[in-house]
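Here are my notes on this model, as numbered points. Please read them with the structure open.

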Amino acid sequence: TLIQLNSSISELRMIAHNIMPESLVNFGLKDALNDLCDNLKNDKKTEISFLFYGEPYRFDNSIETSFFRIAQEAVNNALKYSGASKIVVQLIQDESWVNLTIQDNGKGFNVEEFKNKKAGGLKNIRARAESFDGRFHIDSHPGVGTEIIVEFIYNTEVA
């Protein structure tokens, strides 16, 4: 039926976007994260905001892809598990530095207890950050919410 066809087309578009967002390839991390937040907030009751500070420089494709996947994983985790009413994705960058922060006002959790569990999403985020020598930090407390920070310093000096 036409309804099933439209549903299949929408699902195919979503899968294609998740594989490699066109905005990431063509315009960079800032636009891709903005699109991610816009697309997710249309479907959810949670308020999702995107904030950008700095200059939208382009980095190596693998770094931009990793940052995008980190944001995607963190926002999806917050939507699934936190019960948050608000999620903020913030990107700060210049030609040598990128900082991605994802905050939610959800139920939070004890980070120390969670480190010993098989937390696939958080382990994926940490692994992605470490894959490009980035810094990963998570701060969360029960009843307060969660903040995930990933930073990368790009060495512009020529050896």
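1. Start with V88. Leaving out residues up to four places away in sequence, V88 touches S49, L51, T101, I102 and Q103. A contact here means heavy atoms within 4.5 Å.

2. Some ground rules. This is a predicted model, in which local features need pLDDT of at least 70, side-chain atom pairs count only at pLDDT 80 or more, and totals for chains, interfaces and linings use all residues. Residues are numbered from 1 along each chain as its sequence is written, and side-chain values use heavy atoms, with hydrogens and water left out.

3. Where does V88 sit? V88 lies in strand 2, residues 86-94. Helices (H or I, at least four residues) and strands (E, at least two) are DSSP runs, numbered from the N terminus. V88 counts as buried because its relative accessibility is 15%. The cut-offs are under 20% relative accessible area for buried and over 50% for exposed, with partly exposed in between (1.4 Å probe, protein chains only).

4. V88 and I48 are 40 residues apart along the chain, yet 5.8 Å separates their C-alpha atoms. For the chain, consider contacts with a separation of 6 or more: residues 24 or more positions apart account for 69% of them.

5. Now the overall layout. The chain has six helices and five strands. From the N terminus, the elements run α-α-α-β-α-β-β-α-α-β-β. Of the 159 residues, 41% count as buried.

6. The sheet is open, with five strands in the order 1-2-3-5-4 and mixed pairing. Strand 1 (47-54) and strand 4 (135-141) are the edge strands, each pairing on one side only. Two strands pair if DSSP finds at least two bridges between them. Direction ignored, neighbouring strands of this sheet are turned by 10° against each other on average.

7. How do strand 3 and strand 5 pair? Strand 3 (residues 97-104) and strand 5 (residues 145-153) are antiparallel, over eight bridges. Q103, one of the residues that V88 touches, has E147 as its bridge partner in strand 5.

8. Two helices deserve a look against the sheet. Helix 4 (residues 61-82) packs on the sheet and touches strand 1, strand 2, strand 3 and strand 5. Its direction makes about 10° with that of strand 3. Helix 6 (residues 120-131) also packs on the sheet, touching strand 4 and strand 5. The direction of helix 6 makes about 155° with that of strand 4. Axes are lines fitted to C-alpha atoms, for helices over the stretch in contact, and angles run from 0 to 180 degrees between N-to-C directions.
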